[in-house]
Structures are given as structure tokens and as C-alpha cells.
Amino acid sequence: MTSKNIEKKQYLQLPILVLFVILCVVSFVGCSEQKESDEEYEYEIERVFPDDTFISIIEGNTLPKEIVVGFGGENGYEKFSTKDPAMIDAYIRAFRNVIIEEEITDKDKMYYVADGVIDYTFIVDDDTKITIGTDLTEYITDRNRGIQFHLGNTEQFNDLNKKLRQ
């Protein structure tokens with residue numbers, strides 16, 4: 001080989017090496033970001049309702065002073081509340097146990113009720129209110145993301161709601 005051919009090969013090797021390094025770094029960063037998003041939430045309900053204050057409550061970093069549960073819809077609406085720490089803790093544990101059974105993105109398959117709305121409002125010390133609106137506690141619709149979550153393991157809410165209403 002002549003010295004000119006060797007120089008051309010060396011000029012080609014450097015850009016190929018730089019391109020290879022860039023692709024490796026991008027690939028590594030992409031894998032790292034994907035892993036973080038998979039592990040981002042400790043409980044599935046946090047993915048359904050990704051609000052920082054709600055997540056802080058569910059993870060036990062913030063303790064609400066009260067929970068208000070509202071029932072109803074088109075034919076009326078009634079609210080019940082409790083400041084009992086044991087009852088509030090029971091609701092938090094119930095939310096922690098929720099699983100996502102299905103994510104519905106087809107609007108024609110989404111489930112809505114006129115009179116089965118159940119809202120859960122956590123009130124924290126600075127009077128911040130975080131409300132999770134549900135349809136029969138089993139469905140949460142996020143219109144901004146265009147998705148409805150069908151939740152499972154929600155039976156605990158029925159017992160807690162009955163207890164709260166008494």
C-alpha cells in the first residue's frame with residue numbers, strides 16, 4: 001500500500017470510530033432511560049394518577065389530615081369525610097393494592113356512568129386537595145392522555161366506603 005492509501009484509511013477510521021462511540025453512548029443512555037421509566041413508580045396507581053402530591057401520599061412521605069369521599073352523579077352527590085388516621089391509612093393501603101387490569105385507548109370501548117361517580121379527595125396539612133375521580137372505583141379516565149384505566153383489586157374500597165357512610 002502506498003502512503004496515500006494508508007492516510008485515506010486512517011481518515012476513514014476516525015469518523016467511523018467517532019460514529020461508533022456516539023451510537024454506543026446513545027444506545028446506553030436510551031437503555032438507562034427505559035429502565036428508569038419502568039422503575040419510576042413504586043405502586044401501579046401512581047402511573048394512573050401521576051401527581052407529585054398523590055405519589056408522596058401513597059409512598060408514605062406525606063400524611064393527609066383528612067379524606068373526603070364523594071358519591072353520586074347526575075341525580076345528586078353526597079360527601080362523607082374522616083380525619084381518623086386509621087381510616088385514612090386504610091384508604092392509602094387500598095390505593096397501594098390497586099392493579100391496572102387494562103388500559104383502554106379506544107374511546108368507543110371506554111366505560112362511563114351517570115350516577116356511579118366516586119371521588120376520593122386527600123387533604124394535606126397546607127389544605128392542598130388531591131382528588132381522584134373514578135367511575136364505580138374501577139375506572140379512571142385521563143382525558144389529557146386519552147386513556148382509561150380499568151383497575152383491579154378495588155374491593156377494599158367498597159368495604160371502606162360502606163364504613164365511612166355509616
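The largest cavity is lined by I45, F95, V98, Y120, T134, T137, I140, L151 and F157. A cavity here is a set of points on a 1 Å grid over the protein atoms alone where a 1.4 Å probe fits but cannot get out, and lining residues have an atom within 4 Å of a point. Rolling a probe the size of a water molecule over the atoms shows where empty space is left. The volume of this cavity is about 30 Å³, and the structure holds one cavity of 30 Å³ or more. For such volumes, grid points are joined across faces, edges and corners, and the volume is the space filled by probe spheres set on the points. Sorted by class, the lining has seven nonpolar, two polar and no charged residues. In this scheme Ala, Val, Leu, Ile, Met, Phe, Trp, Tyr, Cys and Pro are nonpolar, Asp, Glu, Lys and Arg are charged, and the others, Gly among them, are polar.

Before going further, a word on the source: this is a predicted model, in which local features need pLDDT of at least 70 and side-chain atom pairs count only at pLDDT 80 or more, while totals for chains, interfaces and linings use all residues. Residues are numbered from 1 along each chain as its sequence is written, and side-chain values use heavy atoms, with hydrogens and water left out.

Now take two of the lining residues in turn. F157 sits in helix 5 (residues 155-165); helices (H or I, at least four residues) and strands (E, at least two) are DSSP runs numbered from the N terminus. F157 counts as buried because its relative accessible area is 1%, where buried means under 20%, exposed over 50% and partly exposed in between (1.4 Å probe, protein chains only). Setting aside neighbours within four places in sequence, F157 is in contact with Y91, A94, F95, V98, Y120 and T137, contact meaning heavy atoms within 4.5 Å. Between F157 and V98, 59 residues apart along the chain, the C-alpha separation is 9.9 Å.

T137, one of those contacts of F157, lies in the loop between strand 5 (129-135) and strand 6 (139-142). With a relative accessible area of 3%, T137 is buried. Beyond four places in sequence, T137 touches I118, Y120, L151, T154, F157 and N161. Most residues other than glycine have a negative phi. L136 is partly exposed, with a relative accessible area of 36%.

Let's move to helix 3, where F54 is found. Is F54 buried or exposed? At a relative accessible area of 0%, F54 is buried. Residues touching F54, not counting those up to four places away in sequence, are I45, F49, F95, F122, I130 and I132. F54 and I130 are 76 residues apart in sequence, and their C-alpha atoms are 6.6 Å apart in space.

T62 is partly exposed because its relative accessible area is 23%. Outside four places in sequence, T62 touches S56, I57 and V124. The side chains of T62 and S56 are joined by a polar contact of 2.4 Å, that is, a pair of N or O atoms within 3.5 Å; within protein, one must be able to donate a hydrogen and the other to accept it, and residues adjacent in sequence count only if both atoms are side-chain atoms. T62 and V124, 62 residues apart in sequence, have C-alpha atoms 7.6 Å apart.

In strand 1 itself you will find V68, which counts as buried at 14% relative accessibility. V68 touches K79, F80, S81, D119, Y120, T121 and I123, leaving out residues up to four places away in sequence.

Finally, zoom out to the protein chain, which has five helices and seven strands. Buried residues make up 34% of its 166 residues.

Definitions and conventions:
On a 1 Å grid over the protein atoms alone, a cavity is a set of points where a 1.4 Å probe fits but cannot get out, and a pocket is an open set with protein on both sides within 12 Å along at least five of seven lines; lining residues have an atom within 4 Å of a point.
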